[in-house]
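Let's walk through this one together, starting at the metal and working out to the ligand around it. Have the view open as you read.

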Amino acid sequence: MFNQDLAKIFYEIADYLEMEGVAFKPYAYQKAAISIETLKEDVKNIYKKGGLKALKEIPGVGESIALKIEEYIKTGKIKDYEDMKKKMPVDLKELIRIEGMGPKKAKILYEKLGIRTVKDLEAAAKDHKIAPLFGFGEKTEKNILEGIEFLKRSKGRFLLGEILPKAREVEEALKNLKEVEKVEACGSVRRRKETIGDVDFLVISDKPQKVMDFFVSLPGVVKIWGKGTTKSSVRLKEGFDMDIRVVPKKSYGAALQYFTGSKEHNIVLRKIAIEQGLKLSEYGLFYGIKMVAGDTEEGIYKTLGMQWIPPEMRENEGEIEMAQKGKLPKIINYSDIKGDLHYHSNWDGGAESLEEMAGAAMAMGYEYIGVADHTKFLRIEHGLDEKQLEKRNKNIDDLNLKFKIQNLKFRVLKGCEANIMADGSIDIKDEALAKLDFVIAGVHSQMKMPKEKMTERIIKAMKNPHVDIISHPTGRILKRRDEYEVDFDKILKYAKETRTILEINAFPDRLDLSAQNIKRAKEAGVKMIINTDAHQKDHLRFIEYGIAQARRGWAEKKDIINCWSADKMLSMLK
Ligand code: DGT
Ligand code: CA
Ligand code: CA
């Protein structure tokens, strides 16, 4: 957790620096934070092994940030950061989670109105004290109140990407316990929901007390809500809860089914059991006192007269009826992806060279990787202009030639992630786009537009004969920002007409499209692609969150173009 703690501090330093109006430096700290947060190796170990020099080899870490890391390792503190906190005693982290609030605004609000917390902010907005301030206005005040509402709604839930790695760690620890025969994380984790309330572990063991003792004394446990003989519940220092239940082997399938949920899915299943004169519970499926199924989940579904339903589909949205008819869609599998088309290389400020990232993609078992560097509008992301793009393309050609000589069946594809300007035009010339294997375009600015205008804007981009893919099509950021106002049916209609592909962005806080929108796209016959939006090679593994999302949207291989080999996939593009 050392890396996470350090990254958090760096994010905060970036915010403070931005608050002070310092140029460039905030961005450097953000980059370092993203990088450190997703590193597999503990930064402390890196330092122990290679000192300051090794720290500087971490992507995004330069001399001055390396020194800060060293200071933190040695003293447990970063003095500059402590000073900043003293100078500006505001809850910046919470305040800027509100859409429409940035560090600079927070500074003004602190200086003019003494606002330190979200509570202060809400009170001030309700008293209309914010609108009259220079640079704020009625609209900003309204946005702030809406933002606070949104935050309240998502409180207490965590991103799947935050929870799953931790859940797997605990699962592994339990698995290694000799008293544990089997363990699995159920609930919304197993259904791979985009946000998670708590983690629910299910265990088979004939020594449940040992398992309970072990569970409540796991490192990172800060509170024990309850400890029983077969059930316990704890809070971790990361702020989320974990439940555990031990069940006998003969009931494992029934318990797995029950604790996977969803509740809505389970209710219907129980009703179906009753209609057949059976009784379904977490202990088993019973005919009178006779257990007719229960040791496996498959057995439960089969005995109830239906196909086994993948956990990601269990939301009672029609999957049960389909399973009864034997007509469940063959949703894509976690191993079906053949390449990722949304990778930012070090050409646009990403962390890795083309060659390193190609290596990482090969290690994932991919056949291709698409480089989608930002284009020139996004200065802050080091967006490339036409000339730089040309140079980078040459780089890719050379690399592909090298792979060919080495007889590697792997290709790097040339692309970009262009910006869709407010009027729907693309920020880079068509001639430059024409030289690429694929073009992604996305909205990265002016997201608060009236619905009609935003819809027109995206449609215009889709009509560009070079634009193949729309990245993160609804712009939402989980727990932070709602989808922007857009007529999604209309987007689908034109996507189909212009043969534009919609991206399922796998980055943990995006997961854009939502499962609902994936279903709608599928029904409309619009093709999709699952991309990670990786800025460094460790991000490639985020693909599983995108696949989970696609499965929750019932997407099949035929709906997702990067389930196909490079040639077929490219033939689907304009
Ligand atoms: P979460 O934790 O809010 O992300 O969502 P879940 O689905 O993990 O919900 P949780 O942790 O409250 O319960 C885990 C599972 O236990 C849930 O998916 C289904 C089952 N369950 C819980 N309460 C009930 C209930 O009242 N009736 C039924 N049928 N099942 C329940
Ligand atoms: Ca749960
Ligand atoms: Ca629970």
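Donors here are N, O and S atoms within 2.8 Å of the metal (3.2 Å for Na, K and Ca), and water is not among the atoms, so sites may look incomplete. Four donors are called tetrahedral if all angles lie between 85 and 135 degrees; four are square planar and six octahedral if opposite donors are over 155 degrees apart and all others between 65 and 115; anything else is irregular.

A quick note on the source: this is a predicted model, where local features need pLDDT of at least 70, side-chain atom pairs count only at pLDDT 80 or more, and totals for chains, interfaces and linings use all residues. Residues are numbered from 1 along each chain as its sequence is written, chains are lettered from A and ligands numbered from 1 in the order in which they are written, and side-chain values use heavy atoms, with hydrogens and water left out.

Now the calcium ion (ligand 2): Asp198 (O), Asp198 (OD) and Asp200 (OD) coordinate it at 2.2 to 2.5 Å. Its 6 donor atoms subtend angles of 72 to 169°, so the arrangement is irregular. Asp198 also bridges to the calcium ion (ligand 3), 3.8 Å from ligand 2.

A polar backbone atom of Gly197 is 2.7 Å from an oxygen of ligand 1.

Notes:
A polar contact is a pair of N or O atoms within 3.5 Å; within protein, one must be able to donate a hydrogen and the other to accept it, and residues adjacent in sequence count only if both atoms are side-chain atoms.
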